[in-house]
Amino acid sequence: MSLTLEQVQRIAHLARIEISETEARTTQSHLNGIFQLIEQMQAVDTHGIEPMAHAQDLSQRLRDDAVTEEDRRVAYQAVAPETEAGLYLVPKVIE
Amino acid sequence: MINASLKQLSQALAAKQISSVELTQLFLDRIERLNPTLNAFVTVDPEKSLNSARLADARIAASSAGPLTGIPIAQKDIFCAEGWRTTCGSKMLANFISPYDATVIRKMEAEAGLVSLGKTNMDEFAMGSSNETSFFGPVHNPWDNARVPGGSSGGSAAAVAARLAPAATGTDTGGSIRQPAALCNLTGLKPTYGVVSRYGMIAFASSLDQGGPMAASAEDCALLLNTMAGFDERDSTSLDRPLEDYARDLEKPLNGLRIGLPKEFFGEGCDAEVMAAVRVAIAEYEKLGATTVELSLPNSHLSVPAYYVIAPAEASSNLSRFDGVRYGFRADDYGNLDDMYLKSRAQGFGAEVKRRILIGTYVLSHGYYDAYYLQAQRIRRLIADDFVEAFKQCDVIMGPTSPSTAFRLGEKAADPVQMYLSDIYTIAVNLAGLPGMSVPCGFAGGLPVGLQLIGNYFDEARLLNVAHRYQQATDWHSRRPEGMA
């Protein structure tokens, strides 16, 4: 398997990372090297093997539906790039 | 005091031979003097540290101190600590002052009374094996300043090796505690997945990430793990188990210990001098009463390929939170919202982090999920099952931690695949979720060599016992680099 330049650019867009054509070319060669390593997996017959998502096969814990956190909006918004009146500011989405 | 064990420091504090403030100042002075050479710390805040030390001294005076109260420690900059800049080695978080404490920080500081000396340098978002991907520049190995300390917990490793701190925290997703411990002559422990809370530990690959101690000895690691481990409601994968004293079995004799030697860890691909040191260490274990059994982990050669699908997949999801909206870096100039995301992430992440996000995005994308992600998860099962079989024949598995000693700065930086292969012996342990350690076992060309110990699930106390008895019989772990006085 080998990724084309267009594929690299499309993946970068899916990941929301702007990429120049020069960067895309370098990335393409790095990624293809890495995928060559990854391709070793394809030779293995894993038919009937249950995928392992996690080290401990546990189900998610449930807790009571109760308020456990205090309101710390001011502290959390103090680290935001831009806020106003308790809201996070972003460029206008709807014209 | 600089080279004292945690137990000795604890006794000195209890006997009022030294105060926590004095001890903290001693290490802060060393950091000020030696850190410009090593770049092991990215943030120090002496006033904050000395305040914690004063609180610790008050606890000692009031006889409400725990065994480690007042002892200074370095914290890997992946752990959020309230009021401290917490960068994770990234431009993305270069100005992030955490509004809350990670559970590990809360347990160590507020509960155990340890004093944070500062935050240590690391590969960006813990993605790297050399500490060269840090936005804050590489860390230099105290054993040879032209070489890497390993990664991703490279700052923690260099700090403890040069005695800028008595001990440190690290995290290990594919070897990030064990490999730098090996390259810097430290003892490091990655616990069983789920033993140490991940709350407030900035996520890389959530099904693999695990925090643990890095120190000069197994005994120090045991005492530290006692303060770090425990169930945490705030971590959905934290295990609800009874608390343990990880130091309880340290002195147990090793008679009858069965050591498993996987043939895959003793084949090609490992530096000959490293392998020779490992074999001498195993012979030492035989003198201590252990027996060895050869076994096989037939799928271990697939651990690096499977890891480089699973870890990037989880990373691409975890790192989607860095969008320039709620915290972290936002680009200066942008057009619409999409452009803000694109530019903030392009400028905020470094090259290795971007590569892994792209790999993860690709393997999770439509049409490729089965061939890559599911296949990797199936192979993960095969790798974990190999260990289940192996532990039917032995109590602990041994081999090299890393295929080489510390490499030169820049030596592998241009070739990601070469860098990835430096974790060839450590990654399978994370995929299976097992506990693993690295223990100093000699030198090759003047550089430290690490012996890896792998235990069965929840066998931390035994691993620490196995490491401690070896350290009673050898002195590799007490060797210190020159020029760091």
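1. B:Ile259 sits opposite B:Thr292, a residue of strand 8 of chain B. Five bridges join strand 7 (residues 258–262) of chain B to strand 8 (residues 291–295) of chain B, and the two run parallel. Strands pair if DSSP finds at least two bridges between them. Helices (H or I, at least four residues) and strands (E, at least two) are DSSP runs, numbered from the N terminus.

2. From strand 7 of chain B the chain passes through helix 8 (residues 272–287) of chain B to strand 8 of chain B, a right-handed β-α-β crossover. Right-handed means that, with the strands pointing away from the viewer, the path from the first strand over the helix to the second runs clockwise.

3. A note on the source. This is a predicted model: local features need pLDDT of at least 70, side-chain atom pairs count only at pLDDT 80 or more, and totals for chains, interfaces and linings use all residues. Residues are numbered from 1 along each chain as its sequence is written, while chains are lettered from A and ligands numbered from 1 in the order in which they are written.

4. B:Val21 belongs to helix 2 (residues 20–38) of chain B. Leaving aside neighbours within four places in sequence, B:Val21 is in contact (C-beta atoms, placed from the backbone, within 7 Å) with B:Leu50, B:Ala53, B:Arg54 and B:Asp57.

5. Chain B gives 50 residues to the contact with chain A, and chain A gives 40 residues. On the chain B side, helix 12 of chain B supplies the largest share, ten residues.

Terms used:
Contact = placed C-beta atoms within 7 Å.
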